[in-house]
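Keep the sequence and the 3D view at hand while reading.

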Amino acid sequence: MSGETTDAPVLIAGAGPVGMTAALALHARGVETTILEAEPEDRDRSGSRAIYVHGSTLRTLERVHPGLGTDLVEEGLVWPTRRTLYKGKEVFNRTYDSPGGSGDIPHFTSVPQVVTEQYMLDALDEVGIDIHWEAEVETVDSSADGVHVETSDGREWSAEYLVGADGGGSTVRKEIGANFEGDQSENAFIIADVEDEAIEDGHEDLERMFHYDAPEADGRNVLLVPFTGGWRLDIQCIEDDDPEELSSDERMREFVRDVMGEEYEDNLKWVSSYYFLQVMADTFVDDHRRVLLAGEAAHLLAPFGARGMNSGIADADEAASAIAVALDARTDAVARDEVELYGARREKAAEYNLGAAGQALEYLQGDDPVTVLRKEVAASMSDKFETAGEWLDDAPYGPHGAPPIVSTGSY
Ligand SMILES: Cc1cc2nc3c(=O)[nH]c(=O)nc-3n(C[C@H](O)[C@H](O)[C@H](O)COP(=O)(O)OP(=O)(O)OC[C@H]3O[C@@H](n4cnc5c(N)ncnc54)[C@H](O)[C@@H]3O)c2cc1C
């Protein structure tokens, strides 16, 4: 086995949005890193995936690499209208005349994940951080003194700390003996990207549309969200649906035609079906406090409320902060404590996010008669009371609050 060392004190497994953010956030704190990525440089990252980027995420990216947050704002779009229908009847429609947020950063932006990742790659290039492509992490050994990693290309790496940002199937998670715990959505979701080159920011009639029990989708819930270059169409399967049959080319063309109109029928770019997992690792750090899990390596969430990439980027920034302080610490105990605190904070945040996404999932898929009745009553009252329609519009996304902040000690 040929040896390869790096002078960088921190290794990062995975060049997804979370690993790349961790590298930029460490660089911003004066810490050099080496990124090890399993896939080749010319990989295909298909599907729009994390289109909804929260304002707080944009502010984090702007802080760790000035210009990155505002570039994404420029590239993305803010849809001004929220519209909800219930069994064919409009129950809520509101248009905002301002994108919200503060300064140059709006409340959110809508941009395909692949575009966000390209801007992150450019940012890494700008600050001189290399990605070692086709270097899949295979083994991780941590000790009180640091971490030793072997990659699939036969190289070996040593560093003070390792950030495991290697996604849902994380090898790093398995190597430190952490396990995923949780469950998965009852029914499947079909998600498609439909190209629309005419979509540009500032389009006055752009709207996010949610339709409960849509007649044009045979009584399934349908969500339609614009992003730069196209639309995301989500169809929620119902009991006894066969997601494979429903996501076939022919059936999807029908859905697109019936929901969006004939002119979109040939614009289908990507289709996939998912059962969403709702799981988190039983620990986010290893026994020696040298390995920190972040992003989907640490938790997988149903996408309602858009907490996946957004919370992964928060993990990455907090991991960078903990490592930067730990590297400067005069005592080992303080260094350990920083990493432990990272684990405590982000485990608490993941618990909160799982609860929030789970609440949305239960609302959408559960057959609790009280929820079903509440939806019916709200829909019937929406003509007279706007708040009833607003509740129907908002509930599929779960609560809006932020996770609690954890500190050391009991107070
Ligand atoms: C349909 C859909 C819609 C979504 N919508 C949203 C949304 O609107 N907002 C939101 O916030 N999130 C959303 N998400 C979630 C979001 O896509 C993920 O949370 C995000 O990609 C996770 O980033 P990550 O960097 O943790 O993992 P990944 O993106 O999976 O990146 C992990 C990286 O690690 C690499 N890797 C894997 N194993 C190894 C190894 N052993 N060694 C080295 N490298 C390795 C992989 O090749 C990959 O490059 C959505 C997801 C889906 C599927």
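Which element gives the most to the lining of the second largest pocket? It is α10, with three residues. Bear in mind that this is a predicted model.

**The pocket**

The second largest pocket has a volume of about 410 Å³. Its lining is made of 20 residues. Closest to the pocket centre are I238, L364, Q365, G366 and K375.

Four elements each supply at least two residues of this lining: β14 (207-214), β15 (220-227), α9 (332-365) and α10 (369-381). By class, the lining of the second largest pocket holds eight charged residues, six polar and six nonpolar.

**Helix pairs**

Now turn to the helices.

| Pair | Axes come within | Crossing angle | Handedness |
|---|---|---|---|
| α8 and α9 | 8 Å | roughly 170° | right-handed |
| α1 and α4 | 10 Å | roughly 30° | left-handed |
| α2 and α8 | 10 Å | roughly 35° | left-handed |

**α8 with α9**

Helix α8 covers residues 308-328. Its axis and that of α9 cross at roughly 170°. Angles over 145 degrees count as roughly antiparallel, and α8 and α9 are therefore roughly antiparallel to each other. On the α8 side, the contact uses S311, A314, D315, E318, A319, A322, V325 and A326. They meet A335, E338, Y342, R345, R346 and N353 in α9. Sorted by class, the contact of α8 with α9 has seven nonpolar, five charged and two polar residues.

α9 also belongs to the pocket story, as one of the elements that supply at least two lining residues.

**α1 with α4**

How do the axes of α1 (residues 17-28) and α4 (residues 113-127) cross, and at what angle? They cross at roughly 30°. Angles under 35 degrees count as roughly parallel, so α1 is roughly parallel to α4. From α1 come P17, M20, T21, A23, L24 and H27. Their partners in α4 are Q113, E117, M120, L121, A123, L124 and V127. The contact of α1 with α4 has nine nonpolar residues, three polar and one charged.

**α2 with α8**

α2 passes α8 in a left-handed crossing. T57, T60, L61, R63 and V64 in α2 meet N310, I313 and D317 in α8. The residues of this contact of α2 with α8 are three nonpolar, three polar and two charged.

How values were computed. Residues are numbered from 1 along each chain as its sequence is written. This is a predicted model: local features need pLDDT of at least 70, side-chain atom pairs count only at pLDDT 80 or more; totals for chains, interfaces and linings use all residues. Side-chain values use heavy atoms; hydrogens and water are left out. On a 1 Å grid over the protein atoms alone, a cavity is a set of points where a 1.4 Å probe fits but cannot get out, and a pocket is an open set with protein on both sides within 12 Å along at least five of seven lines; lining residues have an atom within 4 Å of a point. Grid points are joined across faces, edges and corners, and a volume is the space filled by probe spheres set on the points. Ala, Val, Leu, Ile, Met, Phe, Trp, Tyr, Cys and Pro count as nonpolar, Asp, Glu, Lys and Arg as charged, and the others, Gly among them, as polar. Axes are lines fitted to C-alpha atoms, for helices over the stretch in contact, and angles run from 0 to 180 degrees between N-to-C directions. Angles under 35 degrees count as roughly parallel, over 145 as roughly antiparallel, 65 to 115 as roughly perpendicular and the rest as oblique. A crossing is left-handed if the near helix is turned anticlockwise from the far one by less than a right angle, and right-handed if clockwise. Contact means heavy atoms within 4.5 Å.
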